[in-house]
Amino acid sequence: MIADRIVLTLAATAAIVVAGWAYLRLGDRALAALPRGAHRRLAPWLFAGPAVAMVLLALAFPAVVTVGWSFVGADGGFVGFANYTQTLSDEVTRIALRNTVLWVVLLPSLAVLAGLAIAVLADRVRYGALVKAALFLPIAISAVAAGVIWSFMYDYQPPGAAQTATLNAVVTALGGEPVAWIVDTATNNYALIGATLWTQAGFAMVIFGAALRAVPDELLEAARLDGASEWTAFRHVTLPFLAPTVVVVATTMTVTALKAFDIVYVMTNGNYGTDVLSTVMYRALFTAKDNGLAGAVATILMLTVVPIMVFNVRQFRRESGAA
């Protein structure tokens, strides 16, 4: 069985290599027969064509199919905007929308603050490399594993019982009462966002650390010679240089917040008022077997992501033009 799989893998790899070579070879010959002007216009597409085809096949086509599903009922007939009306009038979806907004506000803000603070402060101490390594390690952990880890961190035992979870052990050691972090509706969404922040702050720190190295030392030295404090130099010299990086990190974390699913599914499965749009879509598709309703939720989620991506692309082009 293993030998058959190895042979199949090698055969598939060889077929891909041969097909790629034949595509480039035949494409180059076809372009060579064209007039010079047409050759110049079409030559880049010879190389970009496979990538564009993969994007269309893996992204554009599923998106179009999903939007089409959103107008189809459970019986396969066209129902117009009935799926959108149903999902937006449902209390569970409204809770999911509220929670998604909370994620979009808190996760990018906290990731930017934590990543920037650690990137700035870690460079000022001798053990900064150790701090950066400790914060970067969670990036290598899958969201499912992070959810399991933080489920243990947030575990709850009744008052008077031994608290096996780290957070409640600290709370009770300080004289407080244990908190049901992922059951109590006053704390559970914040607890889930905190667990996600643990996995994403390292990414923000690395990006900000790279951006800080691009800040001219001459400007900082000039500011200090003029009597500026460290905070004043950071606010008026360093921070303006980091503004584009803040936008990039914030938009990346916003998309991450909109796609939140793994940690919510592992830790609460959307119970106790922790649903987000992704968990509503998952249950509609795999539990209720309602492609139309799931397509409507997915389309709503996609429409919220598109403006953010457009803004990010425009910001990138503006910076490239300024450079």
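Biologist: Which residues does the UniProt annotation "transmembrane region" cover?

Modeller: The unreviewed UniProt entry places that annotation on residues 6-24, 45-72, 101-122, 134-153, 190-212, 233-258 and 293-313, and the structure considered here is a predicted model.

Biologist: How do you know what secondary structure residues 6-24 and residues 45-72 have?

Modeller: Residues 6-24 are 100% helix and 0% strand, with 27 Å between the end C-alpha atoms. Residues 45-72 are 89% helix and 0% strand, and the end C-alpha atoms of that span lie 37 Å apart.

Biologist: What makes the contact between α8 and α10, and how do its residues divide by class?

Modeller: From α8 the contact takes Gln-200, Phe-203, Ala-204, Ile-207, Phe-208, Ala-211 and Leu-212, while α10 contributes Thr-238, Leu-242, Thr-245, Val-246, Val-249, Thr-252, Met-253 and Thr-256. Of the residues in this contact of α8 with α10, 10 are nonpolar, 5 are polar and none is charged.

Biologist: How do you know whether α4 and α10 are parallel or oblique to each other?

Modeller: The axes of helix α4, residues 91-122, and α10 cross at roughly 140 degrees and come within 9 Å. Roughly antiparallel requires an angle over 145 degrees, and roughly perpendicular covers 65 to 115 degrees; α4 and α10 are therefore oblique to each other. The crossing of α4 past α10 is right-handed.

Biologist: Which residues in α4 and α10 meet?

Modeller: On the α4 side they are Thr-100, Trp-103, Val-104, Leu-107, Pro-108, Ala-111, Val-112, Leu-116 and Val-120, and those in α10 include Phe-234, Leu-239, Leu-242, Val-246, Val-249, Ala-250 and Met-253. By class, this contact of α4 with α10 holds 17 nonpolar and 3 polar residues, with no charged ones.

Biologist: What is known of domain 1 and domain 2, and how many residues of each are in contact?

Modeller: The chain is divided into domain 1, residues 2-69, and domain 2, residues 82-322, and the centres of the two, taken over C-alpha atoms, are separated by 37 Å. Within the 4.5 Å limit between heavy atoms that defines a contact, 4 residues of domain 1 touch 7 residues of domain 2.

Biologist: Which residues does UniProt list for "domain: ABC transmembrane type-1"?

Modeller: The unreviewed entry lists residues 97-312 under that name. In the model this span is 72% helix and 0% strand, and its end C-alpha atoms lie 23 Å apart.

Terms used
Residues numbered from 1 in each chain as written. Predicted model: local features only at pLDDT ≥ 70, side-chain atom pairs only at ≥ 80, totals over all residues. Heavy atoms only, no water. UniProt positions renumbered as here; feature names shortened; annotations may be inferred. Helix = DSSP H or I, 4+ residues; strand = E, 2+ residues; numbered from the N terminus. Nonpolar A, V, L, I, M, F, W, Y, C, P; charged D, E, K, R; others polar. Axes fitted to C-alpha atoms, helices over the stretch in contact; angles between N-to-C directions. Parallel < 35°, antiparallel > 145°, perpendicular 65-115°, else oblique. Left-handed = near helix turned anticlockwise from the far one by under 90°. Domains from an automatic or database assignment.
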